[in-house]
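Me: I have a chain open and would like to go through some of its labels with you. Could you show it first?

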Amino acid sequence: MKAMIFAAGLGTRLKPLTNDRPKALVELNGKTLLQWQIEKLKNAGITDIIVNVHHFANLIIDYLRENNNFGCNITISDERDLLLDTGGGLKRVESLEFRVESSSKAESLELIGEPILALNVDILSNIDIRALVAAYEQDGISRLVVSDRKTSRYLLFDKKQQLIGWTNVTTGEVRPQTMSAERPADAAVPERLAFSGMQILSPRVCARLINRSEEVFSLIDFYLDICQKEILQAYVPEDYKMFDVGKFEHLSEAQAFAASL
């Protein structure tokens, strides 16, 4: 299995640190966020890794070269021309992998790809990646890593823990918009789970990603568009703990969390 680390973001919430470096090179306890993620993947046996770059891209490229890619086979996906968001970034990588030059049916592409584990560079966790991979390998169904932590935005899952929608509990927004109207009054209330920024996608789902017409889009938007056609299964890790290293004012907490891993 290959992996992709989303490292192209601007890191605006980590300013002033990201005034002269990408967020992927922000350090916690002597290691950059990028090193934390690469080593976690490597320890789980995943050494074919793609890293997308945009903000201070050359610094990441030089950093990986100077560290001999931490003993992994690392490929750079260059987004300096246009920041593609998570969905668009993964689409570019998968399109190159499949060598797709023209649109074709998703089903015809699934046989030539392999699953991909994609994760955000700035979310640290204690997840057992080997267990996540094993869960995917049982049935080949795409897995979205989620938890019951408190947040304002949730993915919605049915009683089989299959994705059916999304909601923002602060604004009351629900997607897809037809979801509330179509659900019978006596239907079970969907389970609300918070997304972790990590997922394993099957070749079939990646093929649908390639055929999406937009160039810039998020994976969440993509999931909501296909969840009625494809099974996107919740994966809730045991004793899961995570930390989103997203804000400068939370760095001391992030340092403590990293030390506990």
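Me: Which residues of helix α2 are called buried, and what makes them so?
Reply: In α2 (residues 57-66) they are A57, I60, I61, Y63 and L64. Buried means under 20% relative accessible area, exposed over 50% and partly exposed in between, with a 1.4 Å probe and protein chains only. A helix here is a DSSP run of H or I with at least four residues, a strand a run of E with at least two, numbered from the N terminus. This is a predicted model, where local features need pLDDT of at least 70, side-chain atom pairs count only at pLDDT 80 or more, and totals for chains, interfaces and linings use all residues. Residues are numbered from 1 along each chain as its sequence is written, and side-chain values use heavy atoms, leaving out hydrogens and water.

Me: Why are the buried residues of α2 said to line one face?
Reply: Seen down the axis of α2, they fall within an arc of 165 degrees, so they line one face of the helix. The arc is taken from the directions from the helix axis to the C-beta atoms. R65 and E66, both exposed, sit on the face turned away from that buried side.

Me: What do the buried residues of α2 pack against?
Reply: Their partners are β3 (31-32), α1 (33-43), β4 (48-53) and β5 (73-78), where contact means heavy atoms within 4.5 Å.

Me: What follows α2?
Reply: N68 follows α2, and its phi is positive, near 50 degrees.
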